[in-house]
Structure formats: C-alpha cells, structure tokens
Amino acid sequence: MRFKHFLGLHLGSLLVMLLIASTPLVRAEVEQDFADEADEDGKVEDVQEDNELEEIVYESPVYDQNKFYFADHFDDIAESRKRWVKSQAKKDDIAEEIAKYDGIWDWEPPQRIVSKKDIGLVLKSKAKHAAIASKLNKPFTFKGDSPLVVQYEVTMQEGQECGGSYIKLLSHGVHTEDLTKFNDKTPYSIMFGPDKCGSDIKLHFIFRHVNPINGSIEEKHCKKPKDRLEEPFKDKLPHLYQLVLRPDNTFEISVDHKVVNQGSLLSEFTPAVNPPREIDDPEDKKPKDWDEREKIPDPTAKKPEDWDDDAPPQIPDPTAVMPDGWLEDEAQMIPDPSASKPDDWDTEIDGEWEAPLIDNPICEKAPGCGEWKAPLIPNKEYKGKWRAPLIDNPNYQGKWAARKIPNPDYFEDLTPFKMTPISAVGLELWSMSESILFDNLIIADDIELARDFAAKTFDIKRKYIDKESKTLWHRLMRRINYKPGWWALYFVYLLIPVGCYVFYLYGRAKEESNAEAKKTDAVQPDDVDATATAGGDADAAAASSGSNNSTQKSSPKTKKSDLDVKDDEVEEKGAESAAAAAAATNSGKESQDDDAEEATTGETTTKSVRKRRVPKDQS
C-alpha cells in the first residue's frame with residue numbers, strides 16, 4: 001500500500017508538470033486561432049465553444065454559366081465528365097514505355113470530407129504522365145476592358161515532394177479542336193499554378209508572348225514571390241489560387257485571398273517583353289593597340305642588389321643535431337619476411353614478384369631510422385620574386401566597348417495583355433504524389449464574381465475545417481501533419497525514460513519496505529536458525545534449575561544443540577562429587593572453546609549461550 005501511494009504521488013506529479021508545460025502551447029494556439037479570425041477591417045469575430053458553433057453546411061453553388069468563360073465545381077459528376085476529355089496522346093522524344101499519358105483521373109470526394117456533395121477532380125496515379133482538358137464556354141480574346149480572372153482550388157492530399165499542380169490556358173486554334181491529342185507541345189497562352197521538386201518551390205505565371213514583327217513566340221516567366229509558399233505542399237488542406245490580369249498590364253496573384261505577388265507585365269518578367277533599342281555592333285572589333293590597363297609596373301624601378309630571387313622560403317636548421325640512437329643504416333620499411341609469392345603469380349604477366357613492405361621492427365624503439373635530415377625553419381633571407389611597383393598607366397584608354405547600333409529586331413509592345421485568345425483549359429502534369437484534388441475551377445472577367453464563387457465553395461470548406469480543427473483531436477492531428485503512426489513511435493520513445501524512472505521508484509520503494517520490516521519484532525527468514533538455537537538453550541537452562549519437564553514438552557520440535565547435551569552431563573557429574581565438580585569446571589572450559597567455534601557460524605547463538613551460563617554459575 002505504501003508503494004502504491006508513493007508511485008501514484010510521483011506519477012501524479014509528472015502528469016501535472018506535463019499539463020503545466022503544455023498550457024502555454026494550447027493558449028498560444030487558441031490565441032492564434034482567435035487572431036486568424038480577424039477581418040480586413042481589424043474586427044474580430046466572437047470565438048465560441050465548439051458546441052455553440054452554428055452548423056456549417058456546404059451546398060453545390062448555383063450559378064449562371066453565361067457569366068463565366070468556364071466554371072466547374074465537379075459536384076455534378078455526370079455533367080462534369082461530359083466536359084472533360086482525357087488525353088490519348090504520347091509525348092515526343094521519350095521512351096515508348098513512359099510516353100503515353102496513362103495517368104488516372106477520377107471524380108471523388110476529398111479525404112477530409114466536408115460534405116458528401118463536395119466532389120473534386122483527382123489525379124489518382126503517381127509517376128505517370130497525365131493530361132485532361134475541357135473547352136471553355138466561349139473564348140477569352142483579351143480585347144475588351146475586362147480583366148482575366150483565373151481561380152481554382154488544389155488539395156495535395158498526400159503532400160508533394162516533386163510534381164506540379166498548375167493549369168494551362170490553351171491557345172485558340174486547330175490544336176484545341178481535338179483535346180484527345182492534348183500534350184506538352186500543345187500551344188498555351190498562360191500557365192499558372194504551384195510546382196515543387198525537392199527544395200525548389202515555384203508559383204508559376206508564364207505567358208507566351210508573340211513578337212509583333214516576326215511572329216515568333218517566347219515564354220516570359222514571372223519573378224518569384226518574396227515569401228516561400230511551402231505550406232500548401234505539406235499541410236494537406238485545400239488552397240485557393242487566383243490570378244488577376246488587367247488590361248493595363250498589371251497582374252495580381254493571391255493564395256487563400258492573400259496577395260503574394262504583383263506587378264507589371266512590362267517589368268516583372270524575364271526575359272523582358274520589349275528588347276533594347278540599341279545593341280552592340282557585331283562588326284566592331286577592339287583595336288590591337290587599345291590599352292585598357294589602369295596600372296602598369298614602374299619602368300624606372302630597379303631590383304636591389306641584395307635581393308635574391310632564388311632564396312628558398314625554408315632552410316634546414318643549422319643548430320639541429322641528430323638524436324642519439326638514430327639508426328642511419330636501417331631502413332624504415334623492409335620486405336615482409338613472412339610473405340610468399342602466390343602460386344598463381346605469373347612473372348611474364350604480373351612482373352617480378354616483390355614482398356610487401358612492413359615497418360622495420362628494429363626502428364620501433366629507436367628515435368628514427370634511415371637518413372637523418374635537419375628540420376626546416378623559415379629563411380630570413382627569403383623575399384620572393386622581385387616585382388616593380390605599379391604606377392598609373394599614362395596610356396590608359398579605358399575599358400573598351402563595342403559601339404551601339406539600332407536594334408534591327410527592336411519593337412515596343414505596350415499592351416502585352418493582348419495575348420493569344422484562349423479557348424480551352426487543361427491539366428498536363430507529372431507528379432511523384434498521388435491523390436491531387438482539383439476543385440472549383442473558374443475563368444471569368446469579373447473579380448467580384450470570382451470572390452462570390454469562392455465564398456460559396458472554398459471559404460465554407462476552410463471555415464468548416466478550421467472550426468473542426470479547434471477540437472482537441474483534430475488540432476493534435478494537424479500538429480502532427482496527419483501522420484499519427486510516426487508520432488506514436490515518438491510517444492513510445494518518450495515512454496522509455498518514464499518507464500526507467502518508474503522501475504527505479506519501484507526498486508527504491510521495495511528496499512524501503514524491507515528496511516522498515518527489519519526494524520520490527522516479527523520473525524524474519526534470516527533469523528529462523530538463531531531463534532531455534534535460542535529456544536534450545538532456554539530449555540536446557542530450565543532443566544538445570546530443577547523445573548518440571550512440562551517446559552521441555554511444550555517445545556517438542558526444538559532440537560538441542562551439542563552444547564546443551566555437554567552442559568547436562570557436566571551438571572550430573574557436579575551433583576555426585578567434588579571431583580566431578582572439578583571435572584565440570586574443565587568441561588566448562590571446553591564448552592567455552594565450543595562456544596568460540598560456534599561464534600564463527602552465528603553471533604546470535606554465542607550470545608544466547610552466554611546468557612544461559614550466568615544463572616548456572618550463580619547456582
């Protein structure tokens with residue numbers, strides 16, 4: 001009972017310490033969740049308990065297709081399947097066994113279900129080329145005064161290590177008439193979306209610009225965002241990507257309604273949209289006598305007479321002396337005397353056989369063997385190679401540069417927004433992660449229309465997931481990135497020192513319990529022999545004092561020691577005669593010797609005999 005109380009006290013203390021340690025983390029997370037609910041005006045919504053939260057219901061959005069160039073929430077599986085066409089093409093310049101677009105596409109709910117009505121387009125396979133496309137309701141021509149708004153959701157349900165989740169807005173033309181032939185060479189006007197491989201994380205925005213002079217096409221790549229957008233690739237949550245491209249050539253890229261990149265088509269892309277007005281004249285050559293040396297060696301300088309160019313940087317120490325016992329006639333390495341030429345050694349092929357070298361055993365106890373050389377020390381006379389000091393070049397003409405001429409390929413496109421019209425949207429991907437879910441893809445010319453669509457889809461789902469995550473379990477699962485198996489192993493690892501500590505407490509409590517038992521009058525197993533011996537001595541003492549035999553009969557199981565038998569004989573002889581008394585005295589000395597021998601086997605028995613002899617001497 002004492003051990004259980006002791007162990008319970010320590011375990012209770014450990015639990016309290018863990019709770020105290022975790023309290024700041026829980027409080028910080030609650031404060032962060034509370035801060036995240038702040039709206040753009042700085043107002044904060046009331047945070048209620050989970051059982052008081054209003055029910056969040058997702059419904060498939062109802063919208064007018066005529067207001068969109070493209071819109072698909074994928075919830076109506078039958079209707080969505082009619083729109084999308086899986087590619088049957090093959091990639092060029094690649095091995096036949098991996099050239100085919102055989103990635104698997106399917107319509108299914110997300111792994112974290114918000115509503116049974118919520119369905120997405122899922123890339124099921126990994127390490128396979130996959131392509132699927134759909135035509136727009138009508139082409140977007142880039143000729144009006146309305147912006148282009150592209151918006152879609154991506155959920156990397158298994159995370160992402162290497163692969164893309166971007167979309168392509170396919171250029172209008174013969175290549176989009178048959179989408180079963182959609183491949184990586186199909187012309188596109190814009191490519192937009194996330195991509196990652198290893199530590200290289202990108203949010204692509206690429207547009208293909210048409211040269212107004214010769215009609216050639218060149219890809220223009222947007223500069224990377226300042227912030228590293230890593231969370232969408234590992235948190236396994238839906239994320240909303242939006243691209244707004246305006247007629248004034250400005251663009252804005254948002255992730256989850258937060259602007260992460262913005263600028264102008266004329267300044268934020270490489271290579272630049274417009275080439276330079278002037279270029280270097282390719283016919284202009286640098287003259288042979290052109291001197292562009294700023295400094296030259298002083299021609300009037302002369303090397304000092306005491307300057308030795310050949311002096312070495314180090315010389316042998318002239319004061320060094322060979323140590324006593326140095327064996328100059330012994331080699332440091334000698335052929336191994338125990339080595340023998342292999343039986344298959346062919347002198348004509350392998351050459352003359354030589355035994356491998358080993359350290360000379362004679363040199364082990366000597367300061368050294370072989371030729372002795374004095375250690376090197378810095379040479380005070382060393383100055384290096386002499387060089388004349390540098391002076392300004394009086395004939396310096398500056399850095400030569402070719403003259404500029406007008407760029408024959410120069411053009412100035414002040415409206416790069418006016419791109420090649422788009423008439424289809426496609427996903428042409430390769431990924432090392434499976435189950436990438438695409439949802440709520442729209443192409444429109446109205447920003448408010450796109451925001452309203454997001455409010456009815458993405459915002460509701462994220463609100464549901466965020467509030468669901470406020471429960472203890474989902475909050476814990478989110479912290480461990482929805483991989484409880486690894487964290488279970490980590491928990492077991494942490495239990496190892498706890499188990500050792502509990503085992504230590506158990507052993508310590510057991511030792512204290514035994515120590516307390518030793519302090520009581522209860523008979524212990526170690527004392528059984530001593531108790532039996534003491535009982536026999538007591539019976540003998542009672543017999544010698546003339547007590548009745550009932551005392552001895554009360555302990556029939558007690559066996560007399562050899563000392564008790566000898567004492568009885570001595571007492572009988574003492575009663576007969578004085579001579580026997582003298583013999584009894586000698587026998588008493590012999591008994592004392594016997595006592596000394598028994599003292600080597602047990603201190604308790606010796607003490608009992610001495611106590612018995614006191615009343616005998618008095619009698």
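**Note on the predicted model: disulfides, aromatic pairs and strand pairing**

1. The torsion about the S-S bond of C363 and C369 is about -115°, so this disulfide is left-handed. The two cysteines are joined with an S to S distance of 1.8 Å, where a disulfide is taken as a pair of cysteine sulfur atoms within 2.5 Å. C363 is buried at a relative accessible area of 14%, and C369 also counts as buried, with a value of 3%. Here buried means under 20% relative accessible area, exposed means over 50%, and partly exposed covers what lies in between, with a 1.4 Å probe and protein chains only.

2. Some conventions apply throughout. This is a predicted model, in which local features need a pLDDT of at least 70 and side-chain atom pairs count only at pLDDT 80 or more, whereas totals for chains, interfaces and linings use all residues. Residues are numbered from 1 along each chain as its sequence is written, and side-chain values use heavy atoms, with hydrogens and water left out.

3. On confidence, the mean pLDDT of the protein is 79, and 71% of its residues reach 70 or more; pLDDT is the predictor's confidence in each residue, from 0 to 100. Over residues 578-585 the pLDDT is below 50, and this stretch has five contacts in the model beyond near neighbours in sequence, a contact being heavy atoms within 4.5 Å. Residues 587-619 likewise stay under 50 in pLDDT, and for them the model has 34 contacts beyond four places in sequence.

4. As for the overall make-up, the protein holds 13 helices and 25 strands, where helices (H or I, at least four residues) and strands (E, at least two) are DSSP runs numbered from the N terminus. Of its 619 residues, 34% count as buried. Among contacts between residues at least 6 apart in sequence, 74% join residues at least 24 apart.

5. The structure holds two disulfides, and, with bonded cysteines counted along the chain, they follow the pattern 1-2, 3-4. C162 and C197 form a disulfide with their sulfur atoms 2.1 Å apart, and the angle of -85° about the S-S bond makes this link left-handed. C162 lies in strand 7 (residues 162-164) and C197 in strand 9 (residues 188-197), so the bond ties together parts that are 35 residues apart in sequence. C162 is buried, at 18% relative accessible area, whereas C197 counts as partly exposed at 43%.

6. There are 17 aromatic pairs in the structure. For these, rings of Phe, Tyr and Trp (its six-membered ring) pair if their centres lie within 6.5 Å, with planes under 30 degrees apart counted as stacked, over 60 as edge-to-face and the rest as tilted. The rings of Y69 and F140 have centres 5.0 Å apart and planes at 70°, so they form an edge-to-face pair. Because Y69 lies in the loop between helix 1 (2-36) and strand 1 (70-72), and F140 in strand 5 (residues 129-140), the pair ties together parts that are 71 residues apart in sequence. Both Y69 and F140 are buried.

7. The rings of F70 and W84 are also edge-to-face, because their centres are 5.7 Å apart and their planes stand at 85°. F70 lies in strand 1 and W84 in strand 2 (residues 84-86), so parts that are 14 residues apart in sequence are tied together. F70 is buried, as is W84. Elsewhere, ring pairs link W105, Y152, F192, Y241 and F438 into a cluster.

8. Charged side chains also sit over rings, a term used if NZ of Lys or CZ of Arg is within 6 Å of the ring centre and within 35 degrees of the ring normal. K138 lies over the face of Y69, at 4.9 Å from the ring centre, and Y69 is itself part of the edge-to-face pair with F140. The charged end of R208 sits over the ring of Y188, 5.3 Å from its centre.

9. Strand 5 also takes part in strand pairing, for which DSSP must find at least two bridges between two strands. Strand 2 and strand 5 run antiparallel and are joined by three bridges, and V85 has A133 in strand 5 as its bridge partner. Strand 5 pairs as well with strand 24 (residues 422-430), in the antiparallel sense and over eight bridges; there I132 stands opposite L427 in strand 24.
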